[in-house]
Structure formats: C-alpha cells, structure tokens
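Trainee: Before I use this model, I would like to go through the terms applied to it.
Mentor: Ask about each label, and we will set the value against the cut-off.

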Amino acid sequence: MWQRRSGERRTTQAIDQRRHTKELEMDWTAGLQGLAGGVLIGLSAVWLMATLGRIAGISGIVGSLVTTLPKGDSAWRVAFMLGLVSGPLLLMLSGGGLGNVAGAPGEVVGPPAGGVGLMLVAGLLVGVGTGLGSGCTSGHGVCGLARLSPRSLVATLTFLICAIVTVYVVRHVLGGGA
C-alpha cells in the first residue's frame, strides 16, 4: 500500500514504523522508572518480612482489614495501605506526576477503556481470583518466588498464562483492545 504525504511516497508500514520508533524514543525513561519501582517494591517486601515476619501480599493485607475484626496487628496493615495510596499522591503533589498512562497528552489516567461497569466486573473477578489462588501477584510473584515457593511458582505461571491468553483473545479474536 502506498500513501502520498507531502509529495513523498511511503508505505503504510514505513509510516507505522516511524511512529513506533518515535514513541520508543520519547519514552526512554520508562524502563528506569520501572526498575526503580521494582527495587522499591522488593525492598519494602524484604523490610516487611524482616521486621514483622509478614508477606507483602496486598490481597491478604486488604482482606484481613475488611473481613476480620480489628486485632493487634491492624496498625501495620493500615499503615501499609496508607503508604500505597499516599505515595503516588505525594509524588503528584510535588510535581513529579504519575506519568502518562492514558495514552493522550495532558491526561494522567483517562477513562476506563470498557466503561465503569466492565471495570467493576473485572475488579470483582480479580477479587474472586485472589481468593481462589490464595493470594495475588504481589504475594505469590514477589514474595513467594523470592522464597522459592513451588506453590507460588505455579500461581504466578497461571497468572501470566491467563493474562497472555486474555490479551490474545481480546486483541486478535474479538478485535478489541489497544
């Protein structure tokens, strides 16, 4: 296929390749930010295990706050959750921003791709999945794999395979997604 643009002839594929290259050039810090975030997550998981002997599994921390009566170890759970919420807010207030995850200039998060109803259903399914899997990606993927837990390895591989299949089905079978 050929397109005429500014008197030049280019293939659609060449134009798409240029756009893709430009996007990669504009986002060279994303890898460093991901690395820094991963190091901080790992350090916080090690710190929690070393100081309190607890696993930094978000679903377990939230689940025990919501489903059980307050007991002696609720304070660290509340502090942990406040840290999860306040960290990004403090970064945003200090002018650091959260990065552009919306894919459009000027937006930070953007509207849900499938609407609020679909987002609520997806959230409920994630909650059911963490209950069935006895944990979430932070508990199994970060902490369980670090402890060489075979159960966590199976759970993490299951998460990844399901995610890969879901993306494939949505993008290539149903024709949706980005």
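Predicted model: local features only at pLDDT ≥ 70, side-chain atom pairs only at ≥ 80, totals over all residues.

Trainee: What makes up the protein chain, in helices and strands?
Mentor: The protein chain has seven helices and two strands. Along the sequence the pattern reads β-β-α-α-α-α-α-α-α.

Trainee: How do you know where confidence is lowest and where it is highest in the protein chain?
Mentor: By the mean pLDDT of each element: strand E1 (residues 2-5) has the lowest, 43, and H7 the highest, 89. Over residues 1-9 the pLDDT is below 50, although this stretch has 15 contacts in the model beyond near neighbours in sequence. The protein chain averages 75, and 72% of the residues score at least 70.

Trainee: Why is Thr 156 called buried?
Mentor: Its relative accessible area is 14%. Buried means under 20%, so Thr 156 qualifies. Thr 156 belongs to helix H7 (residues 150-173). Leaving out residues up to four places away in sequence, Thr 156 touches His 140, Gly 141 and Leu 145.

Trainee: Why is Thr 137 called exposed?
Mentor: Thr 137 has a relative accessibility of 51%. The cut-off for exposed is over 50%, so Thr 137 counts as exposed. Thr 137 lies in helix H6 (residues 137-146). With residues up to four places away in sequence not counted, Thr 137 touches Val 142 and Phe 159.

Trainee: How far apart are Thr 137 and Thr 156 in sequence and in space?
Mentor: They are 19 residues apart in sequence and 6.7 Å apart in space, C-alpha to C-alpha.

Trainee: Which residues form the largest nonpolar core, and what makes them a core?
Mentor: The seven residues are Ala 45, Leu 48, Ala 56, Ile 61, Trp 76, Phe 80 and Cys 143. A nonpolar core needs buried residues of listed nonpolar types joined through side-chain atoms within 4.5 Å, so this set is called one. Helix H2 (30-52) and helix H4 (74-93) each supply at least two residues of this core. As for Cys 143, with its neighbours within four places in sequence set aside, its contacts are Ala 45, Ile 55, Ala 56 and Ser 138.

Trainee: What makes the span of helix H5 close to the expected one?
Mentor: Helix H5 (residues 116-132) has 17 residues and reaches 24 Å from its first C-alpha to its last. The expected span is 1.5 Å times one less than the number of residues, which gives 24 Å for H5, so the span is close to expectation. Just after H5, Ser 134 takes a positive phi of about 55°.

Trainee: Why is H5 called hardly covered?
Mentor: The count of buried residues among its 17 residues is one. Across the protein chain, buried residues make up 14% of the 178 residues. The protein chain exposes about 13300 Å², and carbon and sulfur atoms supply 70% of that area.

Trainee: Where does UniProt place the feature "transmembrane region"?
Mentor: The unreviewed UniProt entry places this feature at residues 28-49, 55-72, 79-101, 113-132 and 153-174. In the model, residues 153-174 are 95% helix and 0% strand, with end C-alpha atoms 30 Å apart. Residues 55-72 are 56% helix and 0% strand, with end C-alpha atoms 17 Å apart.

Methods: Residues numbered from 1 in each chain as written. Heavy atoms only, no water. Helix = DSSP H or I, 4+ residues; strand = E, 2+ residues; numbered from the N terminus. Buried < 20%, exposed > 50% of the residue type's maximum accessible area, 1.4 Å probe, protein only. Contact = heavy atoms within 4.5 Å. UniProt positions renumbered as here; feature names shortened; annotations may be inferred. pLDDT = per-residue confidence, 0-100. Areas by Shrake-Rupley, 256 points an atom, 1.4 Å probe, with all protein chains shown as cover.
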